[in-house]
Amino acid sequence: MRNNSGHTFSIIAADVEIVGNVSARVDLHVDGKVQGDVTCGNLVQGEGSIIAGKVIAESAKLSGHVEGSIEANDLVIESTARIIGDVVYSNLTIAPGGQIEGKFRHKSSTTPNIARAAATVGKVADQLILGADSKVA
């Protein structure tokens, strides 16, 4: 499929379950279930979807469940997201209600495992946005 900007993207529909790794050179939209690692350019994860494996993407917008590590330059954790795993990022946005249990590390950091966090952002709070100068303690 092609989006409005002419880029190609692939969809894993809600009724699809993949057992094995997924590697895409294009953007990927996941509404189904993936039991394996996901590597792609830009990832959009639907609210009801589950990824049980490592996620590596240039950018990722996560709304479902992820059980595994995540590495993305631009990472957005939506309010419905439930993440269990370590997170490596350049830019991180966590919407109110988003939950992450794992270690956070900025890509430019030379010290691994900067912080261990079990984060639940309240529904009333503003978005949490972390950039290059931010630290999580």
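Across the whole structure, a search turns up 2 salt bridges. Keep in mind as we go that this is a predicted model. Side chains of opposite charge can pair when their charged atoms come close.

Start with Glu78, which pairs with Lys61; their closest N and O atoms are 3.7 Å apart. How accessible is Lys61? Its relative accessibility is 40%, so Lys61 counts as partly exposed, given that this class covers the range between under 20% for buried and over 50% for exposed.

Now turn to the other pair, in which the side chains of Glu71 and Lys107 meet with an N to O distance of 3.8 Å. Here, too, distant parts of the chain are linked: Glu71 sits in strand β10, and Lys107 is in the loop between β13 (99-106) and β14 (115-120), 36 residues apart. Glu71 has a relative accessibility of 34% and therefore counts as partly exposed. Lys107, at 30%, is likewise partly exposed.

Finally, how confident is the predictor? The pLDDT averages 84 over the chain, and 74% of the residues score at least 70. Residues 111-117 are a stretch to treat with care: their pLDDT is below 50, although the model gives this stretch 23 contacts beyond near neighbours in sequence. Where pLDDT is low, the predicted coordinates should not be read in detail.

Key: Residues are numbered from 1 along each chain as its sequence is written. This is a predicted model: local features need pLDDT of at least 70, side-chain atom pairs count only at pLDDT 80 or more; totals for chains, interfaces and linings use all residues. Side-chain values use heavy atoms; hydrogens and water are left out. pLDDT is the predictor's confidence in each residue, from 0 to 100. Contact means heavy atoms within 4.5 Å. A salt bridge is a side-chain nitrogen of Lys or Arg within 4 Å of a carboxyl oxygen of Asp or Glu. Buried means under 20% relative accessible area, exposed over 50%, partly exposed in between (1.4 Å probe, protein chains only). Helices (H or I, at least four residues) and strands (E, at least two) are DSSP runs, numbered from the N terminus.
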